[in-house]
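Subject: Structure handover and notes

Dear colleague,

I am passing on the structure below, together with some notes on what was found in it. Please read the notes with the structure open beside them.

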Amino acid sequence: GFKCGIVGLPNVGKSTLFNALTQTAAAQAANYPFCTIEPNVGDVAVPDARLDSLAGIAASAQIIPTRLTFVDIAGLVRGASKGEGLGNQFLANIRECDAIAHVVRCFEDGDVTHVEGRIDPLADIETVETELMLADLESLEKRVVALEKKARGADKEAKEQLDLIQRALVLLREGQPARLVELKPEEERSFRLLGLLSAKPVLYVCNVEEASAHDGNTQSAKVFERAAAEGAKAVVVSAKIESEIAVLPADEQRDYLEAIELDEPGLNRVIRAGYELLGLVTYFTVGPKEARAWTITRGTRAPQAAGVIHTDFEKGFIRAETIAYDDYVGLKGEAGARDAGKLRLEGKDYVVADGDVLHFRFAN
Ligand code: GDP
């Protein structure tokens with residue numbers, strides 16, 4: 001599965017957010033199977049109204065959303081790359097994640113100590129990014145010496161790796177994150193394998209006070225400005241409100257949200273933004289037994305998409321009966337779509353689109 005690591009300085013609300021994410025009624029209801037893998041790792045249902053629509057049309061007995069894993073990564077403080085705080089453990093934890101949800105404190109509260117003694121989300125972001133960049137700098141500089149030796153011979157792979165590393169080092173030495181390295185498509189895989197922390201896509205989660213849960217505040221506005229400038233994403237959330245909403249039954253949750261003028265829990269936006277950040281899209285399988293959402297990376301072809309359900313589906317793939325989401329809903333289900341000529345037979349080169357309703361044909 002895909003993992004999103006929650007990072008940030010101490011006392012910014014990481015654990016509050018993580019607990020809310022993993023305690024929501026949606027995450028715990030019987031038809032939204034939920035499990036806590038470890039105390040700080042949780043699978044979260046990805047909210048998707050399309051799945052409910054499909055299940056309604058097909059009268060599916062069960063609804064099974066797709067899921068995203070969140071990891072609460074504690075221990076990031078100034079000097080962490082030099083072993084302060086929890087030392088290097090958190091670096092290893094971040095390395096295993098596909099993307100980073102960076103929680104920044106935008107709320108004022110005299111009772112909650114700020115680790116640096118002031119509310120300044122942009123400075124906090126710099127502190128965390130600096131630690132990630134220092135860790136990358138150190139790990140790359142260690143690798144260069146050995147690679148240079150190899151690259152002097154005829155080792156083509158070593159030469160390519162060394163070239164990528166040197167381009168990353170140029171940026172890191174200027175205090176720029178490795179995610180700004182410009183890559184050709186064929187270099188992307190090798191670059192990912194370098195496992196650089198500052199190359200991971202980032203979502204800023206602005207934790208604001210209750211009164212600002214709807215529109216954010218001046219602090220979160222600064223974070224949004226920064227995110228726009230770096231092509232990153234940002235969301236506003238009040239971790240405190242979310243932790244209160246998360247434990248309410250569904251009907252009370254609706255009343256509460258209405259009272260504070262929110263359409264849906266802020267967590268939904270966090271989950272969806274994390275999903276988008278990872279470049280993930282969803283396809284559906286729909287029948288009377290269940291309506292189910294499945295996760296693939298954008299650009300995945302039909303056989304590999306089938307492989308997410310079962311490896312046999314991929315090995316014996318013949319074709320994918322495909323109905324676009326809008327057609328399925330507009331024509332009120334499979335029969336209607338078929339009659340209207342909107343059920344397509346797609347082969348092994350078909351790139352699955354977000355929202356496709358698929359039925360795989362395969363040979364054993
Ligand atoms: P972490 O160290 O980043 O995991 O932070 P915690 O989630 O443990 O939160 C630290 C403290 O800040 C706790 O006392 C929380 O109750 C409090 N806190 C978290 N989010 C909010 C918020 O949105 N508003 C206020 N006022 N306090 C918060």
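This is a predicted model: local features need pLDDT of at least 70, side-chain atom pairs count only at pLDDT 80 or more; totals for chains, interfaces and linings use all residues.

On the side of helix 1 the contact is formed by Thr16, Leu17, Asn19, Ala20 and Gln23, and on the side of helix 9 by Ala239, Lys240, Glu242, Ser243 and Ala246. Sorted by class, the residues of this contact between helix 1 and helix 9 come to 4 nonpolar, 4 polar and 2 charged. In general, the packing of two helices is described by the angle between their axes together with the distance between those axes. For helix 1 and helix 9 the angle is about 25° and the axes are 8 Å apart. Since angles under 35 degrees count as roughly parallel, helix 1 and helix 9 are therefore roughly parallel to each other.

The shell around the ligand holds 16 residues, of which the closest are Gly13, Lys14, Ser15, Thr16 and Lys240. Two or more residues of that shell are supplied by helix 1, which spans residues 14-23, and by helix 9, which spans residues 239-246. Helix 1 gives the most, with 3 residues. In terms of class, the shell around the ligand is made up of 5 nonpolar, 7 polar and 4 charged residues.

The next part concerns helix 5, which covers residues 121-152. The axis of helix 5 and that of helix 6, residues 156-173, come within 9 Å of each other and cross at roughly 145°, and helix 5 passes helix 6 in a left-handed crossing. From helix 5 the contact draws on Met133, Asp136, Leu137, Leu140, Arg143, Val144, Leu147, Glu148, Lys150 and Ala151, while helix 6 contributes Ala158, Lys159, Gln161, Leu162, Ile165, Ala168, Leu169 and Leu172. The residues in this contact of helix 5 with helix 6 divide into 12 nonpolar, 1 polar and 5 charged.

Helix 5 also meets helix 8, residues 218-230, where the two axes come within 9 Å and cross at roughly 50°; helix 5 and helix 8 are therefore oblique to each other. Here Pro121, Leu122 and Ile125 of helix 5 face Gln219, Lys222, Val223 and Arg226 of helix 8, and the contact comprises 4 nonpolar, 1 polar and 2 charged residues.

Two annotations from the record can be set beside the model. An unreviewed UniProt entry places a "coiled-coil region" at residues 130-157; in the model this span is 89% helix and 0% strand, and its end C-alpha atoms lie 30 Å apart. The unreviewed entry also lists "domain: TGS" for residues 279-362, a span that is 27% helix and 37% strand, with 27 Å between its end C-alpha atoms.

With best regards

How values were computed. Residues are numbered from 1 along each chain as its sequence is written. UniProt positions are given in the numbering used here, feature names are shortened, and annotations may be inferred rather than shown by experiment. Helices (H or I, at least four residues) and strands (E, at least two) are DSSP runs, numbered from the N terminus. A residue is near a molecule or strand if its C-beta atom, placed from the backbone, lies within 6 Å of it. Ala, Val, Leu, Ile, Met, Phe, Trp, Tyr, Cys and Pro count as nonpolar, Asp, Glu, Lys and Arg as charged, and the others, Gly among them, as polar. Axes are lines fitted to C-alpha atoms, for helices over the stretch in contact, and angles run from 0 to 180 degrees between N-to-C directions. Angles under 35 degrees count as roughly parallel, over 145 as roughly antiparallel, 65 to 115 as roughly perpendicular and the rest as oblique. Two residues are in contact if their C-beta atoms, placed from the backbone, lie within 7 Å. A crossing is left-handed if the near helix is turned anticlockwise from the far one by less than a right angle, and right-handed if clockwise.
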